[in-house]
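Biologist: Got the model open. Can you walk me through the helix packing and a few loop residues?

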Amino acid sequence: MKATKWVTTAVALTLMGSVAIGCSKTGEPSASPGDAKGSAAPATSNKPQEIKINFSAEPPIMDTSKNTANAASTIMNAFNEGLYRTDKDGKATPALAKDFPKVSPDGLTYTIDIRDNATWSDGQPVKAQDFIYSYKRTLDPNTKAQYSFMVAWIKGGEAVTKAKTPEAIKAAQDALGVKAISDKQLEIKLEKPIGFFTQLLAFNTFFPQREDVVTKAGDKYGAEVDKVIGAGPFILSKWDHGQTLELVKNEKYWDAANVKLTKATINIVKDPNTGLNLYETDAADLTIITRDQLKLYAGKPDNAAKPELVNSYLMYQTKKVPALGNKKIRQALGMAIDRQAYVDTVFANGSVASKGLVPGGTSDGAGGEFRKTAGDTQAPFDAAKAKQLLAEGLKEAGLTALPKMKINADDTDSAKKSLEFILAQWQQNLGYVAEANPLPHALRVELGSKHDFDITLALWGADYNDPMTFLDMWITGGEFDEGDYSNPQYDALIKSAQTEVDATKRSKAMVDAEKILMDDQGVTPLYFRTTAYLKKPNIEGLILPPFGKEWELKWVTVK
């Protein structure tokens, strides 16, 4: 998800100020996450159960269907939830669902019972129809949901996305493989078996939506505090755009007895020095810190590192910028960046220089780890070779020099420093001068979705622990193929992996696909992210998930 993954961040939202698997945590939940009957409540504390968080990105929109940003996913996960919620170990655990699904022997049909006491924050019961409406809305081509391809794994989903007229859309939606057996029992039929589908149902794209609320809000749905509703542990009570969000405990939540936090104040703070000052003056309990700040807290209990299934990469607009349509030019731009020096200079926080697209820690889908299975698929830094490739590429493209190009990025401190490093590398190693173009996160995401950029610096966080969450982005015409990269061999391998039931063969197809993408430099990976946080030691039960969202508040207790 755009880390925002899209960071988010991902989405996994995503990114620093944009998306964010592996598992990371800063405290153990006092209650067992997902116990269908509700666990013993955490020990009470005399301290006010309130927390203040510095957050580097403004959520662009909190619409289950339209969201792609990790920043929004993180907040939405607090005031809403799916049939399942990800626990401290990165595993799906029953949430609005009573229990795990009953799955047919062929792996295609999921029957799920919804909790009798699952209600929306206004007290209305959560029904199977709320999930069906959500899925159909996401698939409706008029919604323009970039994550529709994922919901299209439901039987008949692709037909909805490709329907051209209102009548055809309605007919395809009616034939979609979802059914309310009763108000509290949902049936989902898939096009093909998906081993991680239960985990996927914890992802915000599969959250329920209330049709009456969406209809009443119209185009403003998800854009203002009074234009959203959820069924999660908290209620979004305040949203001053660009400044502050506030979450308060949802007393109608099915597991309210095990939610001890009464209020969370989220302040949008892009400058890490301001964030550190707020932390040190007790105006914040959680904040992201930079490499220099990290040194000040070495060995202290405040340190909370968060290894993530998040990659950072450069994406090239290969259609609108003809020079970037040349493979050798892209290879030169990628090879001219010393990725190890990049992470050492800009971050020094545990982030790792990339050796391929898929981050370390990601499963290979066959019982192993993808990076170990695939090995190093990305060419190492080589300034001399990069200069040679650039000369060859310019000649092939009929150019004497690269055109002046802008690199879009978020306007966070770390993103600006990243731009400085990358541009310096290109000037030093290629003699090429590009222009830095830092933008507010929401604008950068919007321009990306419109394919309106030369080069963009982005982050992507896993939505689920499988290489496909990184690899299916780059198929020709894919929703997130914003640079318009295209390679028929790559497409064929990804499509074969999407239908292959043999785990070993599927894994090999994904490895082979990554090798093609890296040889083409369809995108240039830069690093696999670790985020360094400071967390007050008296904040317990706060989870810093390795994917999907920045943090999880449900089980927090203030001691």
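Modeller: Terms first. Helices (H or I, at least four residues) and strands (E, at least two) are DSSP runs, numbered from the N terminus. This is a predicted model, so local features need pLDDT of at least 70, side-chain atom pairs count only at pLDDT 80 or more, and totals for chains, interfaces and linings use all residues. Residues are numbered from 1 along each chain as its sequence is written, and side-chain values use heavy atoms, with hydrogens and water left out.

Biologist: Where is D63 found?

Modeller: In the loop between β1 (50–55) and α1 (70–79).

Biologist: Buried or exposed? And what is the relative accessible area of D63?

Modeller: D63 is buried, with a relative accessible area of 1%. Buried means under 20% relative accessible area, exposed over 50%, partly exposed in between (1.4 Å probe, protein chains only).

Biologist: Which side chain makes a polar contact with the side chain of D63?

Modeller: That of R137, at 2.8 Å. A polar contact is a pair of N or O atoms within 3.5 Å; within protein, one must be able to donate a hydrogen and the other to accept it, and residues adjacent in sequence count only if both atoms are side-chain atoms.

Biologist: Leaving aside neighbours within four places in sequence, what is D63 in contact with?

Modeller: M76, R137, Q209, Y221 and G222. Contact means heavy atoms within 4.5 Å.

Biologist: Who else lies in the loop between β1 and α1?

Modeller: N67 does. N67 counts as buried, at 1% relative accessibility. Its side chain reaches the backbone nitrogen of A69 at 2.8 Å. A polar contact of 3.3 Å also joins the side chains of N67 and N204.

Biologist: How many residues apart in sequence are N67 and E446, and how far apart in space?

Modeller: 379 residues in sequence, and 11 Å in space, C-alpha to C-alpha.

Biologist: On to α1. How many of its residues are buried?

Modeller: Ten of its ten, so call the helix mostly covered.

Biologist: What covers the buried residues of α1?

Modeller: The cover includes β1, β2 (84–86), β8 (234–240), β9 (244–249) and β10 (263–268). M76 is one of the buried residues of α1, and M76 is also in contact with D63.

Biologist: Now helix pairs. What describes two packed helices?

Modeller: The angle between their axes and the distance between the axes. Axes are lines fitted to C-alpha atoms, for helices over the stretch in contact, and angles run from 0 to 180 degrees between N-to-C directions.

Biologist: At what angle do α10 and α13 cross?

Modeller: Helix α10 (residues 327–335) and helix α13 (residues 383–397) cross at roughly 155°, and their axes come within 7 Å. That makes α10 roughly antiparallel to α13. Angles under 35 degrees count as roughly parallel, over 145 as roughly antiparallel, 65 to 115 as roughly perpendicular and the rest as oblique.

Biologist: Left-handed or right-handed crossing?

Modeller: α10 passes α13 in a left-handed crossing. A crossing is left-handed if the near helix is turned anticlockwise from the far one by less than a right angle, and right-handed if clockwise.

Biologist: Which residues of α10 meet α13?

Modeller: K328, I329, Q331, A332 and M335. Among their partners in α13 are L389, L390 and E392. By class, the contact of α10 with α13 has nine nonpolar, two polar and four charged residues. Ala, Val, Leu, Ile, Met, Phe, Trp, Tyr, Cys and Pro count as nonpolar, Asp, Glu, Lys and Arg as charged, and the others, Gly among them, as polar.

Biologist: And α11 with α14, how do the axes cross?

Modeller: Helix α11 (residues 339–347) and helix α14 (residues 413–430) cross at roughly 140°, with axes coming within 10 Å. The two are therefore oblique to each other. α11 passes α14 in a right-handed crossing. A341, Y342, T345, V346 and F347 in α11 meet S414, K417, S418, F421 and I422 in α14. These divide into six nonpolar, three polar and one charged.

Biologist: Back to loops. Where is D466 found?

Modeller: Between β16 (455–461) and α16 (468–471). D466 is buried, with a relative accessible area of 3%. Its side chain makes a polar contact with the side chain of R506 (2.8 Å).

Biologist: Last one: what is phi for D282?

Modeller: About 65°, which is positive although D282 is not a glycine. D282 lies in the loop between α8 (272–280) and β11 (286–288), and is exposed at a relative accessible area of 51%.
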